Amino acid sequence: MAKVLSEETGALPVEERVGQVVLPGDVLLLPSHPEADGERLWLGPGAALPGRLVCGPGLRSCGAGLLVTKCGLLRHRQPGGAGGGSGGAYWVDSQQKRYVPVKGDHVIGIVTLKAGDIFKVDVGGSEQASLSYLAFEGATKRNRPNVQVGDLIYGQFVVANKDMEPEMVCIDSSGRANGMGVIGHEGLLFKVSLGLIRKLLAPNCEIIQELGQLYPFEIVFGMNGRIWVKAKTIQQTLIVANILEACEHMTAEQRTQAFAKLSER
């Protein structure tokens, strides 16, 4: 049935397009014989359960399978991050310039306004996100968090769709901050491409490991393309920031040479 449908619509099975360039309007067919309950398409950023498919950024569910909405490379992650088994997550890895809020994404925002019980936060999207003063660990009506205009906020989206204003929180599902909240006033905030952020957040990223051997530093990554970094001195902070900005267009050999020169100083 899938073969007949693909011949009529020009669609291809999604497994055959992994790693290839896809264009908006392309239709990708789901596996014809998935595991139990595998025909259901689960939308959202959470991890995929075995036999279930998660439709990530750049894809939408349609009758026959997945509809591509962005231009880029089709990616696939197996359930649990390991090989084997059906299901998993599919998404389109694109080099878009403007960040589009996605539910569950951890981002770095800048507080721009305090309006009653709500903070307005600039996250680099088409509109500002809202952040309640109760969305902090231990916050109550009497014990309000000390947040001022201009502060940097590290939080995650709990509401993010095209029909509603984005909403952020600085607590996890257990009510714990878990590293989220107001970022220190010191340090340096700079912006990089969204593709570089995904590269730096990949497991066992060599760039971060090599930088850690060069200088001790604190760093926060936002999926909206913002990075906050703080080292022991201002000079070391600037060096780390410049390396991170330049490494997107450097080969592994060029990066090794750059680190070797810095380590000699």
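This is a predicted model: local features need pLDDT of at least 70, side-chain atom pairs count only at pLDDT 80 or more; totals for chains, interfaces and linings use all residues.

Residues are numbered from 1 along each chain as its sequence is written, and side-chain values use heavy atoms, with hydrogens and water left out.

**Exercise 1. The chain as a whole**

Determine how many helices and strands the protein chain has, and what percentage of its residues is buried.

Solution. Step one is the assignment of secondary structure: helices (H or I, at least four residues) and strands (E, at least two) are DSSP runs, numbered from the N terminus. The protein chain has six helices and 18 strands. Step two is burial, where buried means under 20% relative accessible area, exposed over 50%, and partly exposed in between (1.4 Å probe, protein chains only). Of the 265 residues in the protein chain, 37% are buried. Step three considers contacts, defined as heavy atoms within 4.5 Å. Among contacts with a separation of 6 or more, 59% are between residues 24 or more positions apart.

**Exercise 2. The nonpolar cores**

Identify which residues have the most contacts inside the largest nonpolar core, and which strand supplies its largest share.

Solution. A nonpolar core is a set of buried Ala, Val, Leu, Ile, Met, Phe, Trp, Tyr and Cys residues joined through side-chain atoms within 4.5 Å. The largest one has 28 residues, and L131, F136, I153, F157 and M168 have the most contacts inside it. At least two residues each come from strand 10 (106-115), strand 11 (118-122), strand 12 (129-132), strand 13 (152-161) and strand 14 (164-169). Strand 13 provides the largest share, five residues. Domain 2 (105-182) and domain 3 (188-264) each contribute at least three residues to this core; the domain bounds come from an automatic or database domain assignment. Another core, of 21 residues, lies apart from it and includes L196, L211, I239 and F259.

**Exercise 3. Strand pairing**

Describe in what sense strand 12 pairs with strand 11 and with strand 14.

Solution. Two strands pair if DSSP finds at least two bridges between them. Strand 11 and strand 12 run antiparallel and are joined by four bridges, with I118 opposite S132. These strands form a hairpin with six residues between them, and G124 in the turn has a positive phi of about 85°. Strand 12 pairs with strand 14 in the parallel sense over two bridges; S130 has E167 as its bridge partner there.

A further case is an open sheet of four strands in the order 1-3-7-6, with mixed pairing. Strand 1 (12-13) and strand 6 (59-61) are at its edges with a single partner strand each, so one side of each has no neighbour in the sheet. Strand 3 (residues 27-29) and strand 7 (residues 65-68) run antiparallel, joined by three bridges, and L29 stands opposite G65.

**Exercise 4. Aromatic rings**

Find how many aromatic pairs the whole structure contains, and where the partners lie in the chain.

Solution. Rings of Phe, Tyr and Trp (its six-membered ring) pair if their centres lie within 6.5 Å; planes under 30 degrees apart count as stacked, over 60 as edge-to-face and the rest as tilted. The search finds one aromatic pair. The ring centres of Y99 and F157 are 6.4 Å apart and the planes are at 20°, so the pair is stacked. Y99 lies in the loop between strand 9 (88-93) and strand 10, whereas F157 lies in strand 13, 58 residues apart. Y99 is buried at a relative accessible area of 5%, and F157 is buried at 1%.
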